[in-house]
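User: Hi! I'm new to reading protein structures, could you walk me through one?
Analyst: Happy to, let's look at it together.
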Amino acid sequence: MPLALCASSHSPLIGLHDPAADVVSEVREQLSGAKAFVEAFDPELVLVFAPDHYNGFLYDLMPSFCVGAAATSVGDYGLPTGPLPVDRDAAYAIARHALDSGVDIALSEAMHVDHGFVQPLQFLFGSVDSIPSLVPVFVNCVAEPLGPASRARLLGEAAGRVLGETGKRVLVVGSGGLSHDPPVPRLEGATPEVAARITHGRNPTADQRRERESRTVAAAGAFAAGSTDFHDLNPEWDAMVLDAFESGDIAVFDEKPNDWFTGEAGRSAHEIRTWIAAYAALSTQGSYEMTSRYYRPIKEWFAGFAVTTAMQQKAGAR
């Protein structure tokens, strides 16, 4: 059965620290186009590869990958809270096949997900209630040490082989990046308070969450005003990344060391691992075509902001 894809940047700053109105309108138009693409495809199952920002996955136990057989949105940055409509059988099928394929993946019967998962679903479906069924797959993109990017490709390929056998129309979503260096904490060099938070900091109070989110908004304001405390956006690197996905050359990232991603585009540029997994999943079903591509560097959102859609090519198409 056919697969389709939407990979996009996310930013919790949307609506909280926006660029000029014409830029916001332009992005909304692109996201509306992606939503129309999804509506026309009419998926029966959605597979989401996304990161976490120390809201659901912390250093008490940090897997490289985890598939959710049940999942709940934590509701950060004003997003909806509550359970997501997870297809448990599909989640277990993906976990089993990934393990059989040599990809070490964890499984959760109580996954907690943040804006990295929920925001793109809001973009594409309007509300969580409109999602037909879902399999969330966490990809660690911030908590060091990180494995090689090639593992994300192998994970995506394993998931894609399972999706191709479901008999369903499946939408694959990649959420994150591109060049991207927001103030996500690091364990190395962290204060005792920060280290405790990213190790045991589940279920913060409403006041604690508001305080953290206000610090992110303030940092975005400083970055947009010219602060050099963060890695600058890198449109040239972003274009190279998008070119690779458009051409189908997903394995180009296999030999790149982790320091390359960080040095070129910031510590959270590793979020393109979610795109690598998503495009790798799509590639298992044959040649694909990137049907839309949008990009704009938006410092107010701390992101090289991109939206792409893609579909399997029909037999005989070039």
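This is a predicted model: local features need pLDDT of at least 70, side-chain atom pairs count only at pLDDT 80 or more; totals for chains, interfaces and linings use all residues.
User: What kind of aromatic pair do Phe-245 and Trp-275 form?
Analyst: Theirs is a tilted pair, with 5.8 Å from centre to centre and 35 degrees between the planes.
User: And which helices do those two sit in?
Analyst: Phe-245 belongs to helix H7 (residues 235–247) and Trp-275 to helix H9 (residues 272–283). They are 30 residues apart, so the pair links distant parts of the chain.
User: Which residues make up the cluster they belong to?
Analyst: Ring pairs join Trp-237, Phe-245, Phe-253, Trp-260, Phe-261, Trp-275, Tyr-279 and Tyr-288 into a cluster. One of its members, Trp-260, also has the charged end of Lys-256 sitting over its ring, 4.7 Å from the centre.
User: How many aromatic pairs are there in the whole structure?
Analyst: A search of the whole structure finds 14. Among them is Phe-223 with Phe-230: the ring centres are 6.0 Å apart and the planes are at 80 degrees, so this pair is edge-to-face.
User: Which charged residue sits over the ring of Phe-223?
Analyst: That's Lys-299, whose charged end is 4.5 Å from the ring centre.
User: Switching to strands: why is S9 described as largely enclosed?
Analyst: Strand S9 covers residues 170–175, and six of its six residues are buried, so the rest of the structure largely encloses it.
User: Which way do its side chains point?
Analyst: Val-170, Val-172 and Gly-174 point one way from S9, while Leu-171, Val-173 and Ser-175 point the other way.
User: What does S9 pair with?
Analyst: Strand S1 (residues 3–8) pairs with S9 in the parallel sense over six bridges, and Leu-5 has Val-172 as its bridge partner in S9. Strand S2 (residues 45–50) also runs parallel to S9, joined by five bridges. There, Leu-45 is partnered with Val-170.
User: One more: what's the strand order in the three-stranded open sheet?
Analyst: The order is S5-S4-S7, with mixed pairing. S5 (82–83) and S7 (111–113) are the edge strands, each pairing on one side only. S4 (residues 71–73) and S7 run parallel with three bridges, including the one between Ser-73 and Val-113.

Conventions. Residues are numbered from 1 along each chain as its sequence is written. Side-chain values use heavy atoms; hydrogens and water are left out. Buried means under 20% relative accessible area, exposed over 50%, partly exposed in between (1.4 Å probe, protein chains only). Helices (H or I, at least four residues) and strands (E, at least two) are DSSP runs, numbered from the N terminus. Two strands pair if DSSP finds at least two bridges between them. Rings of Phe, Tyr and Trp (its six-membered ring) pair if their centres lie within 6.5 Å; planes under 30 degrees apart count as stacked, over 60 as edge-to-face and the rest as tilted. A charge sits over a ring if NZ of Lys or CZ of Arg is within 6 Å of the ring centre and within 35 degrees of the ring normal.
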